[in-house]
Structures are given as structure tokens and as C-alpha cells.
Amino acid sequence: MPTRDILVGAADWERACAGEAYHFMRILVNGLAAAGPMTGIGHYTTQLLRCLRAQAEDAEIYAFPNRWLRQARSLWVHLRSRLERRNEQPTDKAAETPSPQKRGWHGNVLRALRSSGQWLLTRSFQAVCRSGFDLYHEPNYIPLPSDLPTVATVHDLSVLLHPEWHPADRVAHFERRFRRGLKQCRHFLAISEFARQEILRTLHLRPDQVTRTYMGIRPGLTPLPEHQVQQALRQLHLPSRYLLYVGTIEPRKNLATLLCAYRALDARIRRAYPLVLVGNWGWNAGEVARLLESKETTEGIHLGYVPEGSLAALY
């Protein structure tokens, strides 16, 4: 079932229960995940907004927050990334362990910024909610507090089922807010049948409460003419043949296993097909960094975060 039909249907159901006549529908979508350098959920949110606006002829799709809050969010994401790297990695030699004092102030700053930022976002969001919306869609797991009928996209439950794959502050955030957010939601979206079954089994929801909505392919990710591909690869200093991984470098992506499997290949294959990793360094990526720097995996290449325009050529 298309996402728009679910959103429209949920709001229509609310109005029918209240005995209201049909009127021009207003849907509020939290677009925070699309602020700053985008990971998978950011791209999901951006394309969801694009498609809803294109399809919703009888509805207004409003993205929270406004421009200045989006800019503040983008700045926060950049600052958080730098502070988390400082907090996780030694400042001197790689073999040394930073003292609790050196690690402590970074964590304190992160907590203070996160707390004040969450307060500001919540107050701003609740003010927007009072502007006559019919439905609120949260595309990033945990809805902000709201009295509006709410639909949330739950991409997976790895924070609950495998907390060791996530930074402690993210786990703590889920422990404080996720269960409360569940009670606020009238319906849930899952991006795969596996995720849907996991959600039903773990959260003890009824089958009619969770709808699977597969993700599509965003514009621009289509095959390119060969000369464009080769030009892009030359700009990235890449050969014509390689193995490709795209995503954040962090434990839950299981990259250590990928690198160990790659290292087990014959050296001739590795020379012919270097392993190219595309994505920012994430939390606790030290093991992957050590494997990349080891002599056994010298054919591994980490490009970092690649602009959107280069992804089609890479694929």
C-alpha cells in the first residue's frame, strides 16, 4: 500500500470517528533527519517528502523544522561528530588510552548540547502542531511529543536487540523515549517484511498496526553513459573495477567481517579488485581503521563521505 494512502487513510479515520466532513488535509512530517550530511534515514525522509508532495493532490505536506532550525540542526550534527570522535579516540598516540578527565568534558558538552537542543526542538514542534494539522508522520523511529494522530517509520530494532552495536547515548535515548513514543502512535511503517515481522514479534503489536512500505530508487541513481562513469572515477582516483560498500563506518554494519573475508582472497584478486568503502567514520570504528591500515588489506580504499552526484557513477 502506498505511504500516502496510509497517511490519508489514518487521518480520514480520525475525522470519521469525530463525525467531521472531509476537508483539505494537512500532514506534518518531521524532516530533521534530512538536515546536514544525510545517512540512509535522511535520504528516506527527503524522498518521502518529495513523493508525498508530488502525489498528495488533496493534501498539504509540511516539513518541520523551519530554515533556521534546520541550519542549527546541521551545525549540531557536525559538532556532535567532532566531539564523538574526540571522546572515542586518543588525542596523542594511537596506542594510548585517553584519561577519564580528557574524555569527560567532551561527553559533558555533548549531553548539555543534546539536552538543550531537544528542549528547543520539542517546544518549537509543539507550537507548530497547534497550527491545524490532521496527522503527524515521524520517519525516524521516535516521534516528538504531540497530541496529533501519529504514524512512525521503524526501520529496524537493532538499538533494542543489539545495544552493543550503538553508542551508549543513543541506547539511553531509546530507553528513555522509544516506549513512550510507541504509545503515541496509531500506526507504524516498516521498510521490509523482515523488519515488519521483527517489530510485530518484539513490540507485541497486531498485524494490522504495521504496514510494510518498500523503499524506491531516488532520482539520479540510474545507469550513466560509460564516459561519464570513467570521468567520475578518475576524479575519485579509482580504477575501473572494484568492490563497493556504501554506508557509515560503524560496528553494526559488520565491516570487520567484510574486511577479514576480503583479506582472505588471493592477492591477485585483491590487486585487480580493490575494496572501496564510501561513508563517514561513525561510532567505534577503530577496528575497521586498524584493518584498513594493516599490510594484509592495503588494497582497501576509504573515500569518506561522497557527494550525491558521484554515487550513480560509483554504483
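Asparagine 254 counts as partly exposed, at 47% relative accessibility. The cut-offs are under 20% relative accessible area for buried, over 50% for exposed, and partly exposed in between, with a 1.4 Å probe and protein chains only. Asparagine 254 sits in the loop between S7 and helix H9 (255–263). Helices here are DSSP runs of H or I with at least four residues, strands are runs of E with at least two, and both are numbered from the N terminus. The phi of asparagine 254 is positive, near 60°, and the residue is not a glycine.

This is a predicted model, in which local features need pLDDT of at least 70 and side-chain atom pairs count only at pLDDT 80 or more, while totals for chains, interfaces and linings use all residues. Residues are numbered from 1 along each chain as its sequence is written, and side-chain values use heavy atoms, with hydrogens and water left out.

Back to the backbone. Most residues other than glycine have a negative phi, and most peptide bonds are trans. Histidine 237 also has a positive phi, about 60°, and is not a glycine. Histidine 237 lies in the loop between H8 and strand S7 (243–246), and with 72% relative accessibility it is exposed. Histidine 204, which comes after H7, has a positive phi near 60°. For the peptide bonds, phenylalanine 64 and proline 65 are joined by a cis bond with omega about 10°. Proline 65 is in the loop between strand S2 (59–64) and helix H3 (67–88).

Now the whole chain. The protein chain has twelve helices and nine strands, and 44% of its 315 residues count as buried. Its accessible surface is about 17600 Å², with 55% of that belonging to carbon and sulfur atoms; the areas come from the Shrake-Rupley method with a 1.4 Å probe, and for residues only the protein chains shown count as cover. Of the contacts with a separation of 6 or more, 67% are between residues 24 or more positions apart. A contact means heavy atoms within 4.5 Å.

Next, the strands. Which way do S3 and S4 run relative to each other, parallel or antiparallel? Strand S3 (residues 135–138) and S4 run parallel, joined by three bridges. Two strands count as paired if DSSP finds at least two bridges between them. Glutamate 138 has alanine 152 in S4 as its bridge partner. On the other pairing, S4 and S5 are also parallel, with four bridges, and threonine 150 is partnered with cysteine 185 in S5. From strand S4 (residues 150–153), Thr150 and Ala152 point one way, Val151 and Thr153 point the other way, and all are buried.

Helix H7 comes next. Which residues of H7 are buried? In H7 (residues 193–203) they are Ala195, Arg196, Glu198, Ile199, Leu200 and Leu203. Their cover includes helix H5 (158–161), helix H6 (168–184), strand S5 (185–190) and strand S6 (210–212).

Leucine 160 is in helix H5 and is partly exposed, at 28% relative accessibility. Leaving out residues up to four places away in sequence, leucine 160 touches Phe178, Arg179 and Leu203.

Last, the salt bridges. How many does a search of the whole structure find? The search finds seven, a salt bridge being a side-chain nitrogen of Lys or Arg within 4 Å of a carboxyl oxygen of Asp or Glu.

One of them joins glutamate 308 and arginine 218, at 2.7 Å from N to O. This pair links distant parts of the chain, 90 residues apart: glutamate 308 is in helix H12 (residues 308–314), and arginine 218 is in the loop between S6 and helix H8 (226–235). Glutamate 308 is partly exposed at 37% relative accessibility, whereas arginine 218 is buried at 16%.

Another is formed by aspartate 208 and arginine 206, with the closest N and O atoms 3.0 Å apart. Arginine 206 is partly exposed, with a relative accessible area of 48%.

Arginine 268 and aspartate 266 also meet in a salt bridge, 3.0 Å from N to O. Arginine 268 is exposed at 60% relative accessibility, and aspartate 266 is partly exposed at 36%. Glu193, Arg196 and Arg212 form one network, joined by salt bridges that share partners.
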